[in-house]
Amino acid sequence: MDPHEGTSAEAALHFGAEEFYDADDLEEIGYEAAEPTDAQDAGAGGERELAPDDPYTDGGQRLQKVLAHAGVGSRRVCEQLIAAGRVSVDGVRVTEPGVRVDPAAQEIRVDGSRVLTDPDVITVMLHKPAGVVTTMEDPEGRPTVAEYAERYLAEHAEQLGGTERAASLRLVHVGRLDAETEGLLLLSNDGELTHRLTHPSYEVAKTYVAVVKGRMGPGVPRRLRRGIELDDGPITADRVVVKDTSPRASIVEVTLHSGRNRIVRRMLAAVGHPVTRLSRTRIGPLALGDLRPGAMRALTGAEVSALQQEAGL
């Protein structure tokens with residue numbers, strides 16, 4: 001018996017009959033596999049004839065590679081998605097994995113959902129501390145969220161392609177929290193996502209936890225869910241849950257879609273329970289979790305995708 005036979009059998013058992021590495025693996029360890037040239041893409045003629053709506057971009061990157069780098073899946077999975085007709089570029093369905101695209105300039109979607117492929121597009125979750133104003137500058141000299149945006153870019157400059165490139169980026173706040181309200185606030189340079197999350201016609205559910213004065217009785221949550229009248233019109237909560245209560249104070253969780261100014265504070269004051277502390281804990285599918293006040297983190301690809309779906313992108 002060949003002394004190497006057992007080793008071969010073990011390899012077959014673990015890796016099967018197929019090769020257990022491919023060009024993707026070589027790329028990950030620094031051996032970029034040579035890709036076909038544009039001439040090879042086009043065939044023997046060396047030129048690709050483009051239809052008016054053809055999304056092919058000379059000098060671009062292969063579509064499956066762009067999707068893989070955006071976190072959609074492995075290169076092989078992305079090739080399967082393309083072949084199945086589930087990927088579009090600038091509104092055109094693509095079924096050829098070899099199509100070259102510009103990830104910074106073209107809109108790419110999988111199953112209708114936008115895929116963020118531009119590495120310069122960033123969305124960050126900030127746990128805004130109380131006392132910080134949600135503006136990019138403040139004439140009174142108070143701390144602003146702009147300082148946190150600048151700090152994030154400076155701290156992640158290497159990941160963003162260097163100090164100069166990071167300095168060219170600008171993150172702005174998505175919506176607002178009043179100065180004394182703490183909690184989840186997004187900082188982003190994704191213009192379309194920011195528009196969707198702040199425009200009244202695309203209101204996304206937001207959840208707040210409030211400490212209020214007085215014991216909140218069982219009738220108050222029902223009243224808020226049915227709707228109350230404020231100076232600027234009626235308002236209805238989606239969900240109101242009393243988490244804890246005592247004679248002097250209560251803790252209540254409120255979920256609603258409205259983005260009106262200081263809406264939670266005004267609602268609770270209107271039913272006789274002024275707010276003493278308020279924190280936003282969720283925006284749509286995003287949860288603040290254990291992110292401490294003043295801390296920041298970039299959203300994961302899955303979080304961005306879920307947020308886009310919530311906003312109808």
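The lining of the largest pocket consists of 16 nonpolar, 12 polar and two charged residues. The model you have open is predicted.

To find this pocket, select His69, Ala70, Leu116, Val121 and Gly301; of the 30 residues that line the largest pocket, these are the closest to its centre. The space inside amounts to about 780 Å³.

Next, colour three elements: helix 4 (63-69), strand 6 (113-115) and helix 11 (301-310). Each of them supplies at least two residues of the lining of the largest pocket. Which helix gives the most to this lining? Helix 11 does, with five residues.

Now move to the second largest pocket, with a volume of about 550 Å³. Select Gly175, Arg176, Gly259, Arg260 and Arg280, the closest to its centre among the 30 residues that line the second largest pocket. Then show helix 8 (191-198), strand 10 (206-213), helix 10 (263-270) and strand 15 (275-283), each of which supplies at least two lining residues here. By type, the lining of the second largest pocket splits into 12 nonpolar, 10 polar and eight charged residues.

Finally, zoom out and select the whole protein chain. In cartoon view, look for 11 helices and 17 strands. Of the 313 residues in the chain, 41% are buried. Switch to a surface view: the chain exposes about 17300 Å², and carbon and sulfur atoms supply 49% of that area. Among contacts in the chain with a separation of 6 or more, 64% come from residues 24 or more positions apart.

Terms used: Residues numbered from 1 in each chain as written. Predicted model: local features only at pLDDT ≥ 70, side-chain atom pairs only at ≥ 80, totals over all residues. Heavy atoms only, no water. 1 Å grid on protein atoms, 1.4 Å probe; cavity = no way out; pocket = protein on both sides within 12 Å on 5 of 7 lines; lining within 4 Å. Points joined across faces, edges and corners; volume = space filled by probe spheres on them. Helix = DSSP H or I, 4+ residues; strand = E, 2+ residues; numbered from the N terminus. Nonpolar A, V, L, I, M, F, W, Y, C, P; charged D, E, K, R; others polar. Buried < 20%, exposed > 50% of the residue type's maximum accessible area, 1.4 Å probe, protein only. Contact = heavy atoms within 4.5 Å. Areas by Shrake-Rupley, 256 points an atom, 1.4 Å probe, with all protein chains shown as cover.
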